[in-house]
Amino acid sequence: MSTRKRIASALTAAVMLVSSAQAALAAETGWLTRGEAAAMLIAAADDYNPGVQKTNILKGYSDGSLHEERPVTRAQALVMLRRAFGGELPQPVGDNARSGYSSANFTDLPAWAAEDLQDVLSTGIVAGTTATTFSPSSYVTESQMERFIQRVYTLEGTNLKDDFYAAINKQALDASVIQPGYTGSGSFNDLAISVNQQVAQLIREAVVSPKTEGERKISALYQNIMNQTARDQAGIAPIKPYLDAVAAAKSLDELMAVHLRVQQELNAGLLVGFGLTIDAKDSSVYDLTFSSLSASLGQSGYAGATEGQKAAYLAYAAELCRLIGDSDADAAAHAQQIWDLEAAIAAKSLTNQELYDVDKTYNLYTMKQLQNLFPHVDLNAVFAQTGLTQTDRIVVGDVGELEAAAAYFDEAHLPLLKTYCRFALASSFGELLNHEFTDAQQAAYAGVSGSLTLEETAAQYVQAMMSDYLGKAYVDRHFSAKAKADVEKMVRDMLAVYRQRIQNLTWMQDETKAQAIGKLDAMKINIGYPDVWQDDLKNVSFLTVEQGGSFFENIRAISLASHDLAIKMQRDGVDRTRWLMTPDTVNACYDQTENSITFPAAILQPPFYDVNASYEQNLGSIGYVIAHEITHAFDNNGAKYDKNGNAADWWTAEDYAAFQKLCGRVVELYDGQEIAPGITCNGTLTLSENIADLGSMACLTELESKRPAPDYAALYTAAAKIWCSSYSREMKQYLTQVDVHSPDKLRGSLVLQNFQQFYDAFGIKEGDGMWLAPQDRVVIW
């Protein structure tokens, strides 16, 4: 949106009396003048307040002068904003109410504008310069004024040319409700809740009348979870022997002995651990992995935490410490120590985006090198209990994190390590114990209200643990053969379009194009359910409380079975029949080590796929998801893997440089995009997902163009609706720090702004809020 051009158009009949001194000041600093602000607001508000004039906006000073040449302050800009849009802004409801910034603590509102400002501030569109400071006298830049205007567009939600996402989804956003215990609402969340309810019904039927061995296991586990009385009576007894052993440890060697005991008896690691991962450069085999202490909130979850997020985590950690026997004072102190430890490790860790970069996560170590890093720990003893076959190819996914953790493994840090071990036991196994642990978990999530019922918790836990049995039952009961056939055809159509688009790329040479098309042709398609159903719990027995079992013992049995499975997996090599997702999962994925895309049965239903919907509706919904996953094969991370799922360089140097340049433009496009007042997108963190979204929409747009009478409006409307969602302000802020996906608003709006067909379909012109200059639009694939 070119503000200067809008100003020139709006002021053709106006005379600006600008003193040279004030004009020079504004030009030098970038501050907006009062006259320029008025012109911007006239152009922006005309559709909402027809006929708005400068005299409606600028009232002047007591002496009658307007002083249009003076820089506009925050207080003045917002008063003018209110006047421009008709004197009263809509009060926020639904998602706007959740997203708004609370101005209740502002203490510096000027008396002259208190009434006007109170109305503006009550809408939540104004983030202060601090939590308690409005800073009314601070001057406003052009970009800041544009943000104020864009926030009003979102609040109004009535003009799709200014805020397409807000206007298309206004009714749903205003009426949105987040169910107790859930982080948000929207297409994915709401369908997941519906699927959970469907699976819960399957579980209830198995509990009432179990007919197979799998159903008997489902019944036993569910009954043990529901038997809260037995769990409350047992309290922390299941983990107390380990807690006591940690407390009694007088040296690092003794603490590591407790670690080995937990590893052997529970298949859980407290301090260090070995595991398996598919070899990034030979995807047919597994490599060993090694890791240690980690930051549970991720790399950015500490330095970037808000006061509310930090307070929530400290409250959670303190409550867990109290539940395992700490006094209130000790619990608070230990919670702070845990935060400080994890924050120090996080500072050296990879970012969430870097964790997907094979160049940074494929770090091979020998056992000797690891032992040198941990000189006071017998790693051979730790490894011996895994039962795995030792090799000298041990992958460390985050070198910085591991080196930071290693510094704590000495006698001087023994008290801190003991505190960490006790907390790890409580956080890992607390949900299997008395209800206070489950209640405490709610404190860990700022912005989540209420909690799940015991029945919901039990069903979701069984669903996660018993997917081998419930997945097949879900498919038999709820999956449509027509959905599978229709989506398979849609995938084939998209692959054909993608093949042609790659052929037509102007920035890629033929040599690289051949490799890219080869990868596309080799892509494995998984739709609905796997060809081979697994039964990893075949040899596991489950006893109810009446039979001498418990929830804790059931989960311990499952964990030990996973230990045996890991040994088998290393011996047999990678099983390509295994899926990363269960059929009852509302999601989809691309697996770069397999070069496969997977669409579970649960997502192939309304609102994503509807047998009764139009072609464009399905294309903009499930089609968006499908083409998104295909594009992941060619995002900044997937581009480093070949058609066989092996990390390999299949690019010419010139083509890869061109690709990197385009990636940089995508970062610039998304970085700083605001999704709620004062909350912005991180373009670097979200790069891979943004490439996938842009590639998806390019594919869908071309598919639609091949129709006899393309209906781009229906396609783009469906695409905006499928990402309609609502979260609390705290959750939105947290997600922008840790989630590699862009906020849903950008997935349903900014993506569309890169295609001329979008502008043509809705008559969007320069000066409209949704306008993005052609030179700023980005399409890679």
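Predicted model: local features only at pLDDT ≥ 70, side-chain atom pairs only at ≥ 80, totals over all residues.
## A three-stranded sheet

Let us start with the open sheet, whose three strands come in the order β6-β8-β7 with mixed pairing. Its edges are β6 (524-528) and β7 (589-591), each of which pairs on one side only. From one strand to the next, the twist averages 15°.

The two pairings run in different senses. β6 and β8 are parallel and are joined by five bridges; here Asn526 sits opposite Thr598 of β8. Tyr590 has Ile597 of β8 as its bridge partner, while Asp591 faces Ser596 in β8. β7 and β8 also make up a hairpin with four residues between them. In that turn, Asn595 has a positive phi of about 50°.

## Strand β8 and its two faces

How many of the residues of β8 are buried? Five of its five residues are, so by the under 20% cut-off for relative accessible area the strand is mostly covered. In a regular strand, side chains alternate between the two faces of the sheet. In β8, Ser596, Thr598 and Pro600 point one way, and Ile597 and Phe599 point the other way. The residues on both sides are all buried.

## The nonpolar cores

In soluble globular proteins, nonpolar side chains tend to be buried together. Here the largest nonpolar core has 185 residues. Those with the most contacts inside this core are Leu271, Phe409, Met494, Tyr716 and Trp781. Which helix gives the most to this core? That is helix α22 (residues 414-429), with ten residues.

Ile338 belongs to helix α17 (residues 328-346). With a relative accessibility of 1%, Ile338 counts as buried. Setting aside neighbours within four places in sequence, Ile338 is in contact with Tyr313, Cys321, Thr419 and Phe423. Ile338 and Leu417 are 79 residues apart along the chain, and their C-alpha atoms are separated by 9.4 Å.

Asn189, for its part, lies in helix α11 (residues 187-208). Is Asn189 buried or exposed? Its relative accessibility is 19%, so Asn189 counts as buried, the cut-off being under 20%. Not counting residues up to four places away in sequence, Asn189 touches Gly184 and Tyr727.

## Cysteines without disulfides

A disulfide is a covalent bond between the sulfur atoms of two cysteines. How many disulfides does a search of the whole structure find? The search finds zero.

Definitions and conventions:
Residues numbered from 1 in each chain as written. Heavy atoms only, no water. Disulfide = S-S within 2.5 Å. Core = buried A, V, L, I, M, F, W, Y, C linked by side-chain atoms within 4.5 Å. Buried < 20%, exposed > 50% of the residue type's maximum accessible area, 1.4 Å probe, protein only. Pairing = 2+ DSSP bridges. Axes fitted to C-alpha atoms, helices over the stretch in contact; angles between N-to-C directions. Contact = heavy atoms within 4.5 Å.
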